[in-house]
Amino acid sequence: MTTLTRGPQAPALAAPVSPSRGRRRGWVTIGLFLLPALVLFLLLVVAPILIALYASVFKWNGFGGLPKNFIGLDNFTRLFGTEVFRDDVWHLVVLVVLSVVVQLPISLGIAMLLNQRIRGRTVYRLVFFAPYVLSEVITGVLFSLILSPGAGVANRILGVVGLNSDWLADPDTVMLSLFLVMTWKYFGFHMMIYLAGRQNIPDELIEAAQIDGGTPRQVFWHVTLPLLGPTIRISVFLSVIYTIQLFDLVWILTQGGPSHSSETMAVTMLEFGFKRSQAGYASAISVVMFALSLVFALAYQRFVMRRDLEGATTRMGDHR
Amino acid sequence: MRRPTLPLHAIAWIVGAFILIPVIYALLGGFKSTAQLSTNPFGLPDPWVPSNYTDVLADGPFWRQLWNSTFIALASTVLVVALSALAAFVFARFAFRGRELLFTLFTMGLMFPFAVAILPIFVLLRTFGLLDSPLGVILTQGAFGLPLTILILRGFFRSIPGEIEEAAILDGCTAFGFFWRILLPMARPALATVSVLAIVGSWNNFMLPLVVFSDESGWTLPLGIQQFQGQYSSDTARILAYLVLAMVPALGFYAIAERHLIGGLTAGATKG
């Protein structure tokens, strides 16, 4: 096989000069190896997204082949006019802000703590990450029992200090309760990412700062935190992308209630797409979710994460 | 210079309690009757009531859901790892026109929220007659697992020195022979990592089986748990027992595969 490249660093189009027969056989191999993945991907990932884009400008109940009743952007104008959708957007903002301002700093703090040489840190790590492997359904059902209004066990504990609440059943507390459950399940994931990021920082840098007389606080703020920048930016990115499509936990815990006060876009979409057979309208919601993710991802990579790629080499040089 | 670690331990203990108390509550609660659960929510069960657990274990649905979850997870994993390994091999070791474009197409898949596609997927699966069939879930999970799996495997395949490949080809190995007999065995750690990620993803998936299966016989564990909660809504202790039993396989798997899982997640996060 003369078209095989020489090694990992071979440039993309530097196929070595080769007799045309060998070349053709190379293409056959490439085709055969690539085709199964490509077909599956086009059929079940790309096509559905194109169908959602297409269906979003039709009035369609989801049956009888492709939709035919073209209504332009009516689904979108209707969607943007509803209070439920505006609430969805608001809930997204609330959860993203809470995640970035509360959940991620806590995860970072705990990661820094478990980076110290304290006894049993392996066990702590294992335990803190464990909720991540439990399914959203297990988590959701467990907490819907614990947080049940009235005689739920959370009220029994917090009732001692007079902190009774209806938790998920009260529109005023439902978002905080949801966020509490999300934190229980996901902070360990972000903690692991931060731990991995921290371990990629050469210890010499931290030690040098310590020898120069930096207090632990100064070393953290001026050395560790800036060097963790790329890791933090990625964890924020993952958190936002996840929140845009948040579904499972909400569906199990509240079904979006009480009276839409914890509903997310994905919940609204399933509600209309499957329960009310308004597939065109539901597709419009899908398209909004898609556009949000895409715009966010592109903007984030353009304006926030690009520094990481550009600065990667020069920054190393600065510290040498 | 050692700072006292007591405050650090105190914080770790508080966080640990926050994580563990719900799980311990479920574990012990499963051994109480629901009446006991409301009079004695915190203490040890008195008397211990094993019937919640034994009833669930003696019932058909739990085992059927366990089997469905296992079968779908294993089949999805075999599918996605096989297809991704082939594709990642081409992306890592061949130079051809359009390679980066195709690779970008796959990695773009990382940004597509699955929820966006769920409705059209439902329509497509209905058209193909794959509703209420495990195959509908397996194929879809396989397709959505491709981007991350290809990304991780390509990175690993690239790190294997070209000299090994040249030696194999000089010895008369075909491209497939090199892939099958040399590359895959060398890539075992990476294959383990992506397999673990695929298994956990499939095991916990809820939205897809929710729309695919209307018939109870195909339900996976998450669907079964949700339904069980609805059916026994007044019998909290019994639901807790079901939850705990459903946690056992996931936590057991975590205990075995923790290294691969965490390694894969952090690699996927930092390279993706």
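Trainee: Let's start with a helix pair. Which residues in α3(A) and α10(A) meet?

Mentor: To read a helix contact, list who takes part on each side. On the α3(A) side you'll find A:Leu92, A:Leu95, A:Val96, A:Ser99, A:Val100 and A:Leu104. Facing them in α10(A) are A:Ser235, A:Val236, A:Ser239, A:Val240, A:Thr243 and A:Ile244. By kind, the residues of this contact split into eight nonpolar, four polar and no charged. Bear in mind that this is a predicted model.

Trainee: How do the axes of those two helices cross, and at what angle?

Mentor: Look at distance and direction together. The axes of α3 (residues 83-115) and α10 (residues 229-244) of chain A come within 10 Å, with a crossing of roughly 150 degrees. Angles over 145 count as roughly antiparallel, and α3(A) and α10(A) are therefore roughly antiparallel to each other. As for the hand, their crossing is right-handed.

Trainee: And what about α4(B) and α7(B), at what angle do they cross?

Mentor: Helix α4 (residues 60-93) and helix α7 (residues 134-158) of chain B have axes that come within 6 Å and cross at roughly 40 degrees. That makes α4(B) oblique to α7(B). This crossing, too, is right-handed. The residues in the contact of α4(B) with α7(B) comprise 20 nonpolar, seven polar and three charged.

Trainee: Stepping back, how many helices and strands does chain B have?

Mentor: Start with the inventory, then go to dimensions. Chain B has 13 helices and zero strands, and its pattern along the sequence is α-α-α-α-α-α-α-α-α-α-α-α-α. Its radius of gyration is 23 Å, whereas a compact globule of 272 residues would be near 19 Å. Along the principal axes, the C-alpha atoms of chain B fill a box of roughly 75 × 70 × 35 Å.

Trainee: How many residues does each chain put into the contact between A and B?

Mentor: Count both sides, then ask which element contributes. Chain B supplies 80 residues and chain A supplies 79 residues. On the side of chain B that touches chain A, helix α13 (residues 236-271) of chain B gives the most, with 15 residues. That side of chain B holds 56 nonpolar, 17 polar and seven charged residues.

Trainee: How does the model score on ipTM and pTM, by the way?

Mentor: The scores are ipTM 0.90 and pTM 0.87. Then go chain by chain. Chain B has a mean pLDDT of 89, with 97% of its residues at 70 or more. For chain A the mean pLDDT is 84, and 88% of its residues reach 70 or more. Over residues 1-21 of chain A the pLDDT is below 50, yet this stretch has 38 contacts beyond near neighbours in sequence in the model. Residues 311-320 of chain A also have pLDDT below 50, and that stretch has one contact beyond near neighbours in sequence.

Technical notes
Residues are numbered from 1 along each chain as its sequence is written. Chains are lettered from A and ligands numbered from 1 in the order in which they are written. This is a predicted model: local features need pLDDT of at least 70, side-chain atom pairs count only at pLDDT 80 or more; totals for chains, interfaces and linings use all residues. pLDDT is the predictor's confidence in each residue, from 0 to 100. Two residues are in contact if their C-beta atoms, placed from the backbone, lie within 7 Å. Axes are lines fitted to C-alpha atoms, for helices over the stretch in contact, and angles run from 0 to 180 degrees between N-to-C directions. Helices (H or I, at least four residues) and strands (E, at least two) are DSSP runs, numbered from the N terminus. Angles under 35 degrees count as roughly parallel, over 145 as roughly antiparallel, 65 to 115 as roughly perpendicular and the rest as oblique. A crossing is left-handed if the near helix is turned anticlockwise from the far one by less than a right angle, and right-handed if clockwise. Ala, Val, Leu, Ile, Met, Phe, Trp, Tyr, Cys and Pro count as nonpolar, Asp, Glu, Lys and Arg as charged, and the others, Gly among them, as polar. The radius of gyration is taken over C-alpha atoms; the globule rule is 2.2 Å times the number of residues to the power 0.38.
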